[in-house]
Amino acid sequence: MILTVTLNTALDITYRVRNLAPHTSHRVTEVTERPGGKGLNVARVLAALGHEATVTGFAGGTTGRALQEQLARTTGVVDALVPVEGTTRRTVAVVDATGDTTQLNEPGPAITPAEWNAFQEVYEDLLGSASAVALCGSLPQGVPVGAYAGLVRAARAANVPVLLDTSGEPLRRGVAARPDLVKPNTEELAELTGSHDPSRATRDARRRGAHTVVASLGPDGLLARTAEGHWRATPPRRVHGNPTGAGDSAVAGLLSGLVERLPWPERLARAVALSAATVLAPVAGEFDRAAYEELVEQVRVTGEADAA
């Protein structure tokens, strides 16, 4: 089982309009809702790839109930979310006919100390049957800023490989706890290291504690710096559409490749292809399987393994 953690879950709502213009009224042509938050998106893609996936984090209020009801209909994803008194947030993506997207993200609920303690108990129990764990997204109000660092240490103590995908101070503290893999984008990596050169910044992030750093270069693919070598994975072409969940699909590709013990070039090709196929999907947080199967054969991976 692969465990994904989303402390700030969301109900993702996608509105489709012909043309988005400020200061005007719009007729919405289509509305879709999906359980969201980074770790839930990761779990959905993992399940689609044939892996057993369990999600944990927080859910509360009417939005949380709607999220869990929809999650129950998501084949292969197990719900281990912890109930809270606050209300789960919504995220709204407004997509026009060209595929351009405007994103609106609500804040999450405030988490009480008792709710945080309950989550930690659930998390440590789930680690006992996990083959890998992904810690994803922002921290809701009330959760300590060093929360991910503690969750990384718990995973390492249980001998479970752990991937961290967050930003800011939670990322800085989490990296110091020595996760197996971090997946920042270039802005998050620059904030962590002070360097805007991704090659230099990935080396610095490893010195700060991360065993492996895979930097997202947006539409230009991924840059990986590992103990085994360094690689750059580039999609065959730029794609246009809704980018919601594209980075989460890349995380699913990396995690599934880790569990399957794929060589790094194959892991990166899978991650890049899944990310691009997610941009092309009509619904946020899902991927276009036909596009994925085509793209994964076309991703260009360069680099080399380090000498033993």
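What percentage of the 308 residues of the chain count as buried? The figure is 55%, where buried means under 20% relative accessible area with a 1.4 Å probe, protein chains only.

Please note that this is a predicted model, in which local features need pLDDT of at least 70, side-chain atom pairs count only at pLDDT 80 or more, and totals for chains, interfaces and linings use all residues. Residues are numbered from 1 along each chain as its sequence is written, and side-chain values use heavy atoms, with hydrogens and water left out.

Let me turn to the overall fold. The chain has ten helices and 15 strands, taken as DSSP runs (H or I, at least four residues, for helices; E, at least two, for strands). Along the principal axes, its C-alpha atoms fill a box of roughly 60 × 45 × 35 Å. Contacts, meaning heavy atoms within 4.5 Å, also deserve mention. Among those with a separation of 6 or more, 65% join residues 24 or more positions apart.

I come now to the largest pocket, which holds about 1,200 Å³ of space. A pocket here is an open set of points on a 1 Å grid over the protein atoms alone, where a 1.4 Å probe fits, with protein on both sides within 12 Å along at least five of seven lines; its volume is the space filled by probe spheres set on the points. Lining residues have an atom within 4 Å of a point. There are 45 of them, and Lys 38, Pro 243, Gly 245, Ala 246 and Gly 247 are the closest to the centre. Elements that each supply at least two lining residues include helix H1 (38–48) and helix H8 (246–259).

Note on methods. Buried < 20%, exposed > 50% of the residue type's maximum accessible area, 1.4 Å probe, protein only.
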